[in-house]
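Please keep the sequence and the structure in view while reading.

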Amino acid sequence: MKDWEQVRPQYSEFKEIEQSQPWFKVYDIGHDILAIYEPYHFQEVISYLIKGKDKALLWDTGLGIGDMKKCVSELWDGELLVCNSHHHFDHFLGDWQFDNVYAFDHPDMIKALTQPLPDTYTGPNFAEDQFADDAPIKSHTYEFHPISYTLIKEGYVFDLGGRRFGVVHTPGHAKDAIMLDNKEEKILFTGDTYYPAPMYCFEPTFDTYVKTMDMLAEKYSDYLLVTSHNEPLRPGSIFIPIAKGFHDIKEHKLSKVAEFGEREMFKTEDFALIKIKD
Ligand SMILES: [Zn+2]
């Protein structure tokens, strides 16, 4: 058993929803939101089906290993919108199955939607060692498929009927990273800009992530966060110590705990961060 193959404790609090593919596990996390979890791949990515009165929104389409369209069709039979959190492979490789996806207007996102990913990237990410020992599918070969998309900008609002989710640009993990903000219910879908696992700053300038985290701590510390890896829910209050920690890293007040090539890792009791060395 690989060390990440633990049962994440939060799922015991949720009702599991039946669907036909063993690759996915679907949980009702409350608030008319279903978590579509892919626990058998190292990434442990989570996509979400967010239900409104008139429409549902699929937040990311996952790794492209299971049949996401079929999974969603077993969970929702009304109008469906699809939106990507950012351009990384674990979040959008099911996009091609859908008639249209909403994607943030950024060159990194557009490139991912229109050009094949390199074998040097997909090969290692879909190799057997990335799959759990008891996975129902144990390897995967990436194939490029054309994707139909609509570009959206900061401030775009998804109106699902009775609930609205606004797009917030949150660069740091990725330049094209967005979050979805529901002000009435104080729910924030964080994508990979925050999740309960070591966070990655892929930006060459860590300062961008520091500014994003300052904004999140100021505006969203009383929200419920819905994250895209490992476990769904965290309180928004976590943004406050993370923002402080990010400043400590920026000002060299926090010592690194590890180095891997060009990257360095920092860790506090609230978060861990891997970034490119200064
Ligand atoms: Zn991810």
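This is a predicted model: local features need pLDDT of at least 70, side-chain atom pairs count only at pLDDT 80 or more; totals for chains, interfaces and linings use all residues.

1. Two strands are said to pair if DSSP finds at least two bridges between them. Strands themselves are DSSP runs of E with at least two residues, helices are DSSP runs of H or I with at least four residues, and both are numbered from the N terminus. By this rule strand 10 and strand 11 (residues 178-182) are joined by 4 bridges and run antiparallel. Within that pairing, V168 stands opposite M179 in strand 11.

2. Residues are numbered from 1 along each chain as its sequence is written.

3. Overall composition and dimensions come next. The protein chain contains 6 helices and 18 strands. Its C-alpha trace spans about 50 × 45 × 40 Å along the principal axes. For 278 residues, a compact globule would have a radius of gyration near 19 Å, and the 18 Å of the protein chain agrees with this. The radius is taken over C-alpha atoms, and the globule rule is 2.2 Å times the number of residues to the power 0.38.

4. How much of the chain is buried? Of the 278 residues, 38% count as buried. A residue is buried if 20 or more other C-beta atoms lie within 10 Å of its own, exposed if 12 or fewer do, and partly exposed in between, with C-beta atoms placed from the backbone. Two residues are in contact if their C-beta atoms, placed in that way, lie within 7 Å. Among contacts with a separation of 6 or more, 56% are between residues 24 or more positions apart.

5. The largest nonpolar core has 65 residues, and those with the most contacts inside it are A35, I36, Y48, I50 and L57. Strand 3 (residues 33-37) supplies the largest share of this core, with 5 residues. Such a core is a set of buried Ala, Val, Leu, Ile, Met, Phe, Trp, Tyr and Cys residues joined through C-beta atoms within 7 Å. Leaving aside residues up to four places away in sequence, I50 touches I33, A56, L57, W59, L160 and F165.

6. W59 deserves a separate look. This residue lies in strand 5 (residues 55-59). Is W59 buried or exposed? W59 counts as buried because it has 26 C-beta neighbours inside 10 Å. Beyond residues up to four places away in sequence, the contacts of W59 include Y48, C83, L180 and F189. W59 and S228 are 169 residues apart in sequence, but their C-alpha atoms are 9.2 Å apart in space.

7. Strand 9 (residues 157-159) and strand 10 (residues 164-169) are antiparallel and joined by 3 bridges, with V157 opposite G166. These two strands form a hairpin with 4 residues between them, and G161 in the turn has a positive phi of about 90°. Strand 11 is joined to strand 12 (residues 187-191) by 3 bridges, again in antiparallel fashion.

8. Another open sheet has 4 strands in the order 13-18-17-16, with mixed pairing. Strand 13 (199-201) and strand 16 (258-260) stand at the edges with a single partner strand each, so one side of each has no neighbour in the sheet. Strand 17 (residues 263-267) and strand 18 (residues 272-276) run antiparallel and are joined by 5 bridges; here E264 stands opposite K275.

9. Most residues other than glycine have a negative phi. H31, however, has a positive phi of about 60° and is found in the loop between strand 2 (25-28) and strand 3. H31 is partly exposed, with 14 other C-beta atoms within 10 Å. H252 also has a positive phi of about 60°, and its place is in the loop between helix 6 (239-250) and strand 16. H252 counts as exposed because it has 9 C-beta neighbours inside 10 Å.
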